[in-house]
Amino acid sequence: LGMGGQVAGGQGSQAVGILISFSSAIAAGTVASVITNPPDVVRTRMQLPQPPSPSAPRPMGPWATAFKIASEEGVKSLFLSGLGPRVAKKSLQSALTWTMYQYLETALAPQAFSPSIPKQSLTPQPLSSAAPRSALAPQPLSPSTP
């Protein structure tokens, strides 16, 4: 940070940008994990193997599974079962992914779109102007001499 709390240019501003990106992604990953946890709990319960028995009921759908979990374990279990590990995994995953994306975008963008590089060198050229057609044609193999 520069004088008066303003962000200075250079490495300091890049570090602040990475910190903001990292903390924002952790917050976003946490919110997303909390919102999507109930469907994830239902999906996980549906994937658990059922013990085989002749009188076993047919497999339940997602709504029936959710109602069964809520009635047997309480509604809280839909929201809190496995929430800690899920938040830890998803928030860190989001933070690392978005921070690396932001860093690479910042690091590579000045080189790829530098005003010192003429626009003609960035646009693809047709084959006719790049090399003569004969240079691109396959050449016959010459027999090797022993």
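Student: How many helices and how many strands does the protein have?

Tutor: In this predicted model, the protein has seven helices and zero strands, and read along the sequence it follows the pattern α-α-α-α-α-α-α. Of the 146 residues in the protein, 14% are buried.

Student: What makes isoleucine 69 count as buried?

Tutor: A residue is called buried when its relative accessible area is under 20%, and isoleucine 69 has a relative accessibility of 4%, so isoleucine 69 counts as buried.

Student: How do you know that the buried residues of helix 2 line one face of the helix?

Tutor: The buried residues of helix 2 are Thr65, Ala66 and Ile69. Seen down the axis of helix 2, these buried residues fall within an arc of 100°, and therefore they line one face of the helix. The face turned away from that buried side carries the exposed residues Trp63, Phe67, Ser71 and Glu72.

Student: How do you know that the span of helix 2 agrees with what its 12 residues should give?

Tutor: The expected span is 1.5 Å times one less than the number of residues; for the 12 residues of helix 2 (residues 62-73) this should be 16 Å, and because the end C-alpha atoms are 16 Å apart, the two values agree. Helix 2 is followed by glycine 74, which has a positive phi, near 100°.

Student: Why is the pair of tryptophan 98 and tyrosine 101 called edge-to-face?

Tutor: A search of the whole structure finds one aromatic pair. The ring centres of tryptophan 98 and tyrosine 101 are 5.6 Å apart and the planes stand at 85°; since rings pair when their centres lie within 6.5 Å, and planes over 60 degrees apart count as edge-to-face, this pair is edge-to-face. Tryptophan 98 and tyrosine 101 are three residues apart in helix 4, so about one helical turn separates them.

Student: Why are tyrosine 101 and tyrosine 103 called partly exposed?

Tutor: Buried means under 20% and exposed means over 50%, with partly exposed in between. Tyrosine 101 has a relative accessibility of 45%, so tyrosine 101 counts as partly exposed, and tyrosine 103, at 36%, counts as partly exposed too. Tyrosine 103 lies in helix 4 (residues 83-112), and together with Met100, Leu104 and Leu108 it forms a nonpolar patch on the surface, with about 380 Å² of accessible area for the four residues together.

Technical notes
Residues are numbered from 1 along each chain as its sequence is written. This is a predicted model: local features need pLDDT of at least 70, side-chain atom pairs count only at pLDDT 80 or more; totals for chains, interfaces and linings use all residues. Side-chain values use heavy atoms; hydrogens and water are left out. Patches are made of residues with over 30% relative accessible area and no salt bridge: like charges are joined within 9 Å, nonpolar side chains (Val, Leu, Ile, Met, Phe, Trp, Tyr) within 5 Å. Accessible areas come from the Shrake-Rupley method with a 1.4 Å probe; for residues, only the protein chains shown count as cover. A salt bridge is a side-chain nitrogen of Lys or Arg within 4 Å of a carboxyl oxygen of Asp or Glu. Helices (H or I, at least four residues) and strands (E, at least two) are DSSP runs, numbered from the N terminus. Buried means under 20% relative accessible area, exposed over 50%, partly exposed in between (1.4 Å probe, protein chains only). The arc is that of the directions from the helix axis to the C-beta atoms. Rings of Phe, Tyr and Trp (its six-membered ring) pair if their centres lie within 6.5 Å; planes under 30 degrees apart count as stacked, over 60 as edge-to-face and the rest as tilted.
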